Amino acid sequence: MSAVSRSFDDPAAEAAKLLNRLGLAVLVIVTPCAGLFSIQALYSLMPVGAVLILIAAVLRGDNGVARLLQALRSPLGALALFIAFWSCLSLAWTVFPLPAGERFFKTFGLGLLVALAASCLPDRTKVSNLNLIPIGLFATVLATLILILVGVANFKGGSDIETSLLQRSVITLVLLIWPALGVLSLRERWMTAGALAILVAVAVIGAWARISLMAMAIGALTFAGAMSQPVWTARVAAVVFAALFAAAPVWAFLTRFLVNATGFAESLASPMIVWADLMANEWPRVITGHGLVMAAGGVTMGYLPAETPTSLMFEIWYDLGIVGAWAFAALILFAFSAAGRTPANVAPALIAGLVAGLTIAVFGLATEQIWWVTLVAVDTLAFACLVKGSHRGKRLLAQTVEAEQIEHIS
């Protein structure tokens, strides 16, 4: 029997491979590129890519649900479920039950879809599928640079993340660069990785997105540190970010005290001062919070001052109280711990990606929006592919050593 006929002995398996590759291409190539031209592209394309991966798993006969249930029984999964439960429970005391309910079910549904799609990915990611991640980022960053240079009004227009395609595109680049660098470092394509990082940095500087640039810089330092000490770097990052979220009101009160004592940078510190005032005046709600969507909706409806912080730290504390905030801090600890335990050839990218994403969240770039959650979902699936392709690095290294030995003998 010929090799051609053998390759089509199992049409379902071949169709599954094709659909899986197509789903990944939609997620890491089509979605980021389409986001340069349409605000709605991310919402519609990301579920398409995830569903294609699910269909591929069904054709393979892969039981991703069992793996998902197993993952949810881990400390990380249990904490995620508890935060979802507490968010749902907070709908009982929020002032905006309908918008909050809509936000909860959209976010929960999206998270469930991503978790199931990640569980349904093949146990080992093919090299050809891994390569889609840096290819997609190269295409996106080159298109971004062209649009910046040309100065398309629809692309550069808008002053914030809600109206500016440029700002959204830059954040997309800063999040997706880490799985792309992970793939390139896995394959030891260091020159290509450096060129890609430079292109993304040029795009971020060209857009003058200061928070995105800071997130990328901190991520780069983390990546460098994790190359030699992944476990130690993950522990340090975990402690820093967990402390930021767990003790966030303390930083607000400390900022207010220092500003009142010195009068320095009062205008810059006004969001933290507002936070401290809200905590002091509404302290009975510190435990339960005010309910989902109260932070974002309160500013829109005029219940909260315009200077109210927009960071994820404030939103979690104000909406979900100390219960939600400390659960999220614990989630950060377990997430970094899991990243530090991954194979050494992918751990730096995972740790740097977590650091960059949390840096953006801490400084408040519209992380309450479904757009941000959907982008994080795409990033999560890209990282899931990277982790499941980590065995490729060992295989390629073994092949290289074997080739050198054969050459030496000959």
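Predicted model: local features only at pLDDT ≥ 70, side-chain atom pairs only at ≥ 80, totals over all residues.
**Entry 1: α3**

I started with α3 and checked its length. At 1.5 Å a residue, its 20 residues should span 28 Å, and I find the end C-alpha atoms 29 Å apart, which agrees. Next I looked up which of its residues are buried. My list reads A41, L42, M46, G49, A50, L52, I53, L54, A56 and A57. For the cover over these buried residues, I noted α2 (11-34), α6 and α19 among the elements involved. Just after α3 I came to G61, which takes a positive phi of about 75°.

**Entry 2: α6**

**Entry 3: α13 against α18**

I then took the pair α13 (residues 230-246) and α18 (residues 347-362). Their axes come within 10 Å and cross at roughly 15°. An angle under 35 degrees counts as roughly parallel, so I put α13 down as roughly parallel to α18. The crossing is left-handed.

Which residues meet here? From α13 I wrote down P230, T233, A234, A237, F241, L244 and F245; from α18, A347, I351, V355, L358, T359 and V362. Sorting the residues of this contact gave me eleven nonpolar, two polar and no charged. A reminder to myself on helix geometry: with 3.6 residues a turn, residues three or four places apart point the same way.

**Entry 4: two positive phi values outside glycine**

I looked at E188 first. Its phi is positive, about 60°, although E188 is not a glycine. I place it in the loop between α10 (165-186) and α11 (190-207). Is E188 buried or exposed? Its relative accessibility is 52%, so I count it as exposed, the cut-off being over 50%.

V293 is my other case. This residue is not a glycine either, yet it has a positive phi of about 75°. I find V293 in the loop between α15 (270-281) and α16 (294-301). Its relative accessible area is 12%, so V293 goes down as buried, which needs a value under 20%.

Methods: Residues numbered from 1 in each chain as written. Heavy atoms only, no water. Axes fitted to C-alpha atoms, helices over the stretch in contact; angles between N-to-C directions. Helix = DSSP H or I, 4+ residues; strand = E, 2+ residues; numbered from the N terminus. Parallel < 35°, antiparallel > 145°, perpendicular 65-115°, else oblique. Left-handed = near helix turned anticlockwise from the far one by under 90°. Contact = heavy atoms within 4.5 Å. Nonpolar A, V, L, I, M, F, W, Y, C, P; charged D, E, K, R; others polar. Buried < 20%, exposed > 50% of the residue type's maximum accessible area, 1.4 Å probe, protein only. Expected span 1.5 Å × (residues − 1).
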